[in-house]
Amino acid sequence: MSGQTFDVVVIGGGPVGEVAAERAARGGLKVALVEHERFGGECSYWACVPSKALLRPGNLLAAAKRVPGVPIGDRIDPAAVFARRDWFTGKGDDTGQVDWARGAGIEPVRGHGEITGEREVTVDGDRVLTARHAVIVCTGSVPSRPSIPGLDTIRTWGSREATSASSVPARLGVLGGGVVGVEMAQAWARLGSEVHLVITGERPLPRNAVFAGDLVLHGLREEGVYVHTMSGVTGVSDTGNGIELVLKDGERLVVDEFLVATGRRPATAGLGLENIGLEAGRALEVEDTGRVSAVDGGWLFAAGDVTGRAPLTHQGKYAARAAGDTVAALAAGEQVTATPWSRFTATADHHAIPQVVFTDPEVAAVGLADARPGSADRVVDIDIAVAGSSLHADGYTGKARIVVDTERNVLLGVTFVGQDVSELVHSATVAIVGEVPLDRLWHAVPSFPTISEVWLRLLEAYGL
């Protein structure tokens, strides 16, 4: 076996691992970044970036149709959409990411990393990397696969296949009403597929405000997506002429591709956790600094989906900054102040997790979706009906919500649903993280005529 020693070894070369490695290297540490697939990770090649590249053209066409006088066609061009997506993903070429790592003073190591002892990572079974200070796990998550009779006998799409396919299936079945399910259902419907979306509840996006799911459901159906609510798939089979789905009510559908989008789980299997007394397949529970709670000695850290805390790329990168900074400071003998809101802690994971669902209408939300049970919280809902929204689209339809802690007079949650609301979420995030009192927020005057005027209407509806 060959061996090398580094100050820090990061397992997982996606956006989260890259940030953790970069922060540690910025602190003067010698860092190895281990990746078994592509440097740049899931988000760059199979998730956030390609999915939004597929969604954006359809959203633009729909928006243009809502404003008279814009010369437009009837449909988007799938070949051009795929070509633009492939440009963003580099067709899977991660050379640029490898070059970036080396430029940042990070040693990229290609191969499968397994923790084989304290501060020890073995790559592909024959290359041992020893960490003087810390190992940081940033391996992300993998799709969860439901137990459905016949599912293992057919070819299915996961999120990777849904974002990387370069031909439009005539008929597409989608199982799951979460973000991946609704985004890909709408994207492929606009690319020309007949899409059947099967969900278990009355509406998609069950973790969001009820009106968010209702408006997205309406938007999907307007695009021609067949949404089968209060349903499920009880069996699948290959008919030779497609994939037959048996729904909960006995209805049978035949589709050409079947996207299973039923959630994700932390990618800790095959990581060697059993070698250090942890259970493979489970999330790595961490303190706000990123330190793994169950491992003595303070040498194991984790960030991102693998922790199960806030499975979003931006939150993972945020947590990676805290972990990388903590490791660098401890290595330098500095005192780490792990108090809330310090640079060493991912405090926002508990209070202000923003997310955008890039469907049409968009859903932009941060913090709580509703009042806390038994609390004095107050919820205010209004329609988004301001001059700015009217100018953005004829017949603009949208809704907004604030959840207010009436005892402290601060926001706990904000939800916007409508065309072009994604950029509103950061103002809401700032208000929640900063705990801006509502009577002070009243003085943050929105420009006219913008959709941001909805802030003024929300505060007026609250009674200011």
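A residue counts as buried when its relative accessible area is under 20%, as exposed when that area is over 50%, and as partly exposed in between (1.4 Å probe, protein chains only). T415 is buried, with a relative accessible area of 1%. The model is predicted: local features need pLDDT of at least 70, side-chain atom pairs count only at pLDDT 80 or more, and totals for chains, interfaces and linings use all residues. Residues are numbered from 1 along each chain as its sequence is written, and side-chain values use heavy atoms, with hydrogens and water left out.

T415 lies in strand β21, residues 410-418. Helices (H or I, at least four residues) and strands (E, at least two) are DSSP runs, numbered from the N terminus. Contact means heavy atoms within 4.5 Å. Residues up to four places away in sequence are not counted here; T415 then touches A209, F211, A364, A365, K399, A400 and R401.

The protein chain has 13 helices and 21 strands. Its radius of gyration, taken over C-alpha atoms, is set against a globule rule of 2.2 Å times the number of residues to the power 0.38. The value is 24 Å, close to the 23 Å that the rule gives for 464 residues, so the chain is as compact as a globular protein of that length. The C-alpha trace spans about 65 × 65 × 45 Å along its principal axes. Of the 464 residues, 52% count as buried. Among contacts between residues at least 6 apart in sequence, 64% join residues at least 24 apart.

Two helix pairs were examined. Axes are lines fitted to C-alpha atoms, for helices over the stretch in contact, and angles run from 0 to 180 degrees between N-to-C directions. Angles under 35 degrees count as roughly parallel, over 145 as roughly antiparallel, 65 to 115 as roughly perpendicular and the rest as oblique.

Helix α7 (residues 179-191) packs with helix α8 (residues 210-222) at an angle of about 25 degrees, their axes 10 Å apart. This makes α7 roughly parallel to α8. V182, A185 and Q186 in α7 meet V216, G219 and L220 in α8. The contact residues divide into 4 nonpolar, 2 polar and no charged. Here Ala, Val, Leu, Ile, Met, Phe, Trp, Tyr, Cys and Pro count as nonpolar, Asp, Glu, Lys and Arg as charged, and the others, Gly among them, as polar.

Helix α3 (residues 48-65) also meets α7; the axes come within 9 Å and cross at roughly 60 degrees. This makes α3 oblique to α7. The contact residues of α3 with α7 divide into 7 nonpolar, 4 polar and 3 charged.
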